[in-house]
Amino acid sequence: MLWKRRQIQMSTHRHSKKYKSRQYIAKANVLEKNLAGKLIVLLQLLMTVVFTAVIWNSGMVPGTYIAVLFVVLLILFGVMFGLQFVKNKLFILGIVLSVLISIVLGIATFYVYRADKMLADVGGATYKTDNMIVVVRKDDSAENILDAKDYKFGTQTTLDQENNQLMLEDIEKVIGQAPDLEEFESVQEVGQALLDGEIGAAVYNEAFTGIIEDAIEGYSDQVRILYQYGIETEIEPEDTTVSVDEPFNIYISGIDVAGPITTNSRSDVNIIMTVNPNTHKILLTTTPRDYYVTLPGISGGQRDKLTHAGIYGVDVSMATLENIYGIDITYYARVNFTSLVKIVDALGGVDVNSEYSFEAGGYQFTEGPNHLNGEQALAFSRERHSFASGDNQRGKNQEAVLTAILRKAMSPAMLVNASQLITSVSDSVETNMTRTEMAGFINKQLSEASSWDIESVAAVGTGDNQACYSSGSQLLYVMWPDDASTSEISEKMQQVLSGK
């Protein structure tokens with residue numbers, strides 16, 4: 001009996017050990033599985049820290065927003081980590097959610113970093129580019145500048161002589177000999193000589209192409225660029241030590257080309273945005289492109305069209321407008337046709353109020369509100385022939401589009417589209433505002449979430465035909481400034497800046 005009892009005890013002990021062993025193995029397997037889950041959740045914590053650091057360093061988001069967001073993300077981490085200690089299968093849900101949160105944080109980090117980098121790329125402009133070109137007739141057999149080394153080159157002797165000389169020196173280096181030159185008094189004469197076969201190649205600043213086209217209809221369709229050489233000139237920096245709370249003026253220049261944004265070109269859109277961040281007031285002032293004015297440091301006492309100031313650089317356009325209104329312009333932003341389309345599309349379209357019903361670019365616009373995409377907004381902004389007041393109404397329409405863009409950009413929609421907006425226009429917008437300054441203004445707008453009072457005004461004048469500094473003796477349509485109009489606008493600018 002004793003022997004049997006011992007047998008039973010030993011058998012029971014063996015079964016107990018096997019059961020405990022199985023239980024231990026099962027627990028070990030659970031712990032091993034949960035270890036992987038815990039590592040995944042710790043990765044979520046790492047992504048939380050990285051995302052918070054990137055968005056903090058960007059300077060675009062207010063600190064209170066970041067603090068709230070960080071607390072929420074920490075709570076999510078705590079919940080996901082806690083689920084890894086639950087014995088039932090809820091820990092699997094925690095793993096799945098943690099992976100999804102980490103992916104979202106990774107994507108958000110990428111977009112914030114990219115937006116921050118694009119701000120740096122767009123901002124802090126310090127130079128302007130003169131694109132010097134060699135042009136031949138469209139049917140010319142030359143394929144490169146070496147093929148044209150024995151051609152007679154035509155150049156003008158009145159304007160832009162420093163850049164002309166640099167270009168001729170570069171041509172000499174490339175072709176290995178001094179070019180055979182024929183000199184003309186104006187760039188229009190150079191263009192005509194090329195078409196008439198008097199010269200084989202024309203040398204000039206591409207910014208003067210519009211002036212040639214004013215004199216020779218269809219000129220650009222009859223020629224092609226054979227060679228080009230970019231000359232970069234540093235722009236004397238403005239005093240841009242403006243804080244996000246100080247009122248300022250920013251010049252918005254719309255150039256008439258779709259190429260590199262740094263290239264000097266005529267400025268067809270000339271809008272001064274007077275901003276008071278404290279009173280949340282913005283005054284948009286349009287000055288007609290044909291305003292007949294002097295160009296400081298360029299034309300001496302001779303007058304020229306305002307649009308031609310852009311040929312010599314954005315700094316000349318700014319100085320010209322400063323003279324007209326007696327103000328200081330701290331910042332500038334240059335945009336081209338491509339910019340407008342991208343900005344409007346990135347915002348999901350804008351609602352623009354039209355004073356008239358008209359057709360332009362194949363689109364029909366009605367009096368009152370119009371929801372426009374990028375291409376429609378561009379057509380709306382460029383049309384002038386449909387209006388009795390011509391360029392004056394075009395300026396008002398451009399202000400209407402800019403007002404619509406500002407209202408949309410300052411709305412909560414900006415949070416959703418900010419990265420796409422900044423990224424899409426990075427190669428077609430240029431400004432001297434630094435990345436830090438732009439981030440500060442975005443931060444302030446998000447922090448205060450205030451609506452802005454936007455007012456638009458347009459300078460007026462009297463039409464005439466006069467010779468211009470940049471076009472020589474050729475008579476062009478110009479607009480004599482109305483002193484009463486510019487004085488009234490100047491007073492409004494001062495009122496906005498002073499907060500009255």
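## Confidence along the chain

In this predicted model, the element with the lowest mean pLDDT is helix 12 (residues 413-424), at 61, while strand 9 (residues 292-294) has the highest, at 97. Averaged over the chain, the pLDDT is 85, and 87% of the residues score at least 70.

Strands of a sheet pair through backbone hydrogen bonds, and they may do so either parallel or antiparallel.

## Strand 1 and its partners

Strand 1 (residues 127-137) is largely enclosed by the rest of the structure, because nine of its eleven residues are buried. This strand is joined to strand 5 (residues 223-234) by eleven bridges, and the two run antiparallel; threonine 129, for instance, has glutamate 232 of strand 5 as its bridge partner. Strand 1 is also joined to strand 4 (residues 201-205), again antiparallel, by four bridges, and here isoleucine 133 is partnered with tyrosine 204.

## Salt bridges

Across the whole structure, a search finds nine salt bridges. One of them brings together the side chains of lysine 128 and aspartate 315, with a distance of 3.1 Å from N to O. Because lysine 128 lies in strand 1 and aspartate 315 in helix 8 (residues 314-325), this pair ties together parts that are 187 residues apart in sequence. The two partners can also be described by their accessibility: lysine 128 counts as buried, at 11% relative accessibility, whereas aspartate 315 is partly exposed, with a relative accessible area of 26%.

A salt bridge also forms between arginine 289 and aspartate 290, whose closest N and O atoms are 3.2 Å apart. Arginine 289 is buried at a relative accessible area of 9%, and aspartate 290 counts as buried at 3%, since the cut-off for this class is under 20%. These two residues belong to a network of salt bridges that links Asp268, Arg289, Asp290 and Lys305. In a further salt bridge, the side chains of glutamate 430 and arginine 334 meet at 3.5 Å, N to O. Glutamate 430 lies in strand 16 and arginine 334 in strand 11 (residues 331-335), so this pair ties together parts that are 96 residues apart in sequence. Both glutamate 430 and arginine 334 are buried.

In soluble globular proteins, nonpolar side chains tend to be buried together. The largest nonpolar core in this model has 45 residues, of which Tyr204, Tyr219, Leu321 and Tyr325 touch the most other members. At least two residues of this core are supplied by each of strand 1, helix 5 (187-196), strand 4, helix 6 (209-215), helix 7 (306-309), helix 8 and helix 14. Helix 8 provides the largest share of this core, with six residues.

Tyrosine 325 illustrates how such a residue is surrounded: when its neighbours within four places in sequence are left aside, it is in contact with Ile272, Thr285, Thr286, Thr287, Ala459, Thr486, Ile489, Ser490 and Met493.

## Lysine 444

Lysine 444 has its place in helix 13 (residues 435-448), and it counts as buried because its relative accessibility is 14%. Although lysine 444 and proline 62 are 382 residues apart in sequence, their C-alpha atoms are 7.4 Å apart in space.

Notes:
Residues numbered from 1 in each chain as written. Predicted model: local features only at pLDDT ≥ 70, side-chain atom pairs only at ≥ 80, totals over all residues. Heavy atoms only, no water. Buried < 20%, exposed > 50% of the residue type's maximum accessible area, 1.4 Å probe, protein only. Pairing = 2+ DSSP bridges. Salt bridge = Lys/Arg side-chain N within 4 Å of Asp/Glu carboxyl O. Core = buried A, V, L, I, M, F, W, Y, C linked by side-chain atoms within 4.5 Å. Contact = heavy atoms within 4.5 Å. pLDDT = per-residue confidence, 0-100.
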